[in-house]
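Please study the sequence and the structure before reading the solutions.

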Amino acid sequence: MNKVKYFFVVLLIIAVASCSNDTAEPKGTLSVKLSDAPIHYNQFMSASVTIDKIEIGNTAHVNSMISIMNTPMKYNLLELINGITATMANTEISVGNYDLMRLYISSTEMVMTNGDLYTYNMEQDGYSGNGMMQNGMMLNANNRSIDITLNNALTISEGGMNEFLLDMDVNESFMLEGVNFTGSGSNMMMSMTGFTFMPTMRLVDMSTCGTIHGIVRDAVENLPNATISLMHNGTLYTTTHSDSNGNYTFIGIPQGMYTIKVELDGYIMNPIGNEQNMDELNMTSNDTLSVNFNMTT
């Protein structure tokens with residue numbers, strides 16, 4: 001009799017497990033990566049942000065926010081240039097539509113090449129500025145977070161993979177105070193008294209974006225530290241700088257028409273060899289455009 005009882009108990013356990021598997025909530029994967037539009041001064045070793053948590057949800061449902069990252073991480077934005085990214089979140093979430101991402105940034109830090117250290121703590125000092133930011137972002141004074149409204153709702157499908165890029169502009173986010181310059185040319189040195197933090201960033205769906213890359217050079221060599229500006233509808237969209245080998249890269253550029261230019265102290269764009277740079281660039285999904293610049297003194 002006991003054997004029969006145990007047999008039915010085993011059958012019941014198997015049946016319950018089977019039902020649990022059948023009703024498992026379908027999920028897809030969301031990946032969020034961080035990149036940087038770098039600062040135009042070369043006298044900083046780091047410009048860092050500490051992100052405590054990232055949530056995602058739907059504005060139509062008040063209690064829909066779910067955490068996709070809740071372990072505080074410190075990122076040196078100056079390491080995330082020219083196509084280099086850091087993965088902030090890579091997790092499975094329930095299928096559905098999401099149109100709001102929320103960031104919790106607790107502190108920021110800048111270290112100059114001479115060792116001077118400056119910090120700004122949002123939990124103590126708050127963000128610089130209030131309310132509406134660019135690109136549909138909103139500062140929440142109550143919980144010291146940043147709401148990013150997605151222009152197009154993110155649809156998570158079962159087994160699908162979605163990748164977003166968060167591009168933070170260091171130049172616009174780290175507002176330097178008490179800046180003073182001494183010397184000139186390559187010997188110019190900068191000092192400051194501190195900074196405040198006004199987060200300026202863009203969030204893009206990588207499935208609808210492309211890449212622009214190239215080299216800045218003159219007749220002799222490739223040129224580092226040039227500022228490359230990408231314009232959209234007559235306004236600045238993002239900037240980057242050529243690395244030690246003269247290379248630059250823009251990633252996460254949405255579909256559309258753009259113009260591009262380069263600036264470097266002591267140089268101008270050569271009228272010869274830059275013909276393609278004078279026209280508008282047509283970016284399409286998953287496209288890669290190669291745009292080189294020839295400079296002259």
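A nonpolar core is a set of buried Ala, Val, Leu, Ile, Met, Phe, Trp, Tyr and Cys residues joined through side-chain atoms within 4.5 Å. Buried means under 20% relative accessible area, exposed over 50%, and partly exposed in between (1.4 Å probe, protein chains only). The model is predicted: local features need pLDDT of at least 70, side-chain atom pairs count only at pLDDT 80 or more, and totals for chains, interfaces and linings use all residues. Residues are numbered from 1 along each chain as its sequence is written, and side-chain values use heavy atoms, with hydrogens and water left out.

**Exercise 1.** Determine which residues touch the most other members of the largest nonpolar core.

*Solution.* Step one: this core has 48 residues. Step two: Leu-30, Val-49, Ile-148 and Phe-174 touch the most other members. Step three: a separate, second core holds 19 residues, among them Leu-230, Tyr-258, Val-262 and Leu-264.

**Exercise 2.** Identify residues that Phe-174 touches, leaving aside those up to four places away in sequence.

*Solution.* Contact means heavy atoms within 4.5 Å. By this criterion, the partners of Phe-174 include Ala-47, Ser-48, Val-49, Leu-77, Phe-195 and Phe-197.

**Exercise 3.** State what share of the protein's residues counts as buried, and whether Val-179 is buried, partly exposed or exposed.

*Solution.* First, of the 297 residues, 44% count as buried. Next, Val-179 has a relative accessible area of 35%, and is therefore partly exposed.
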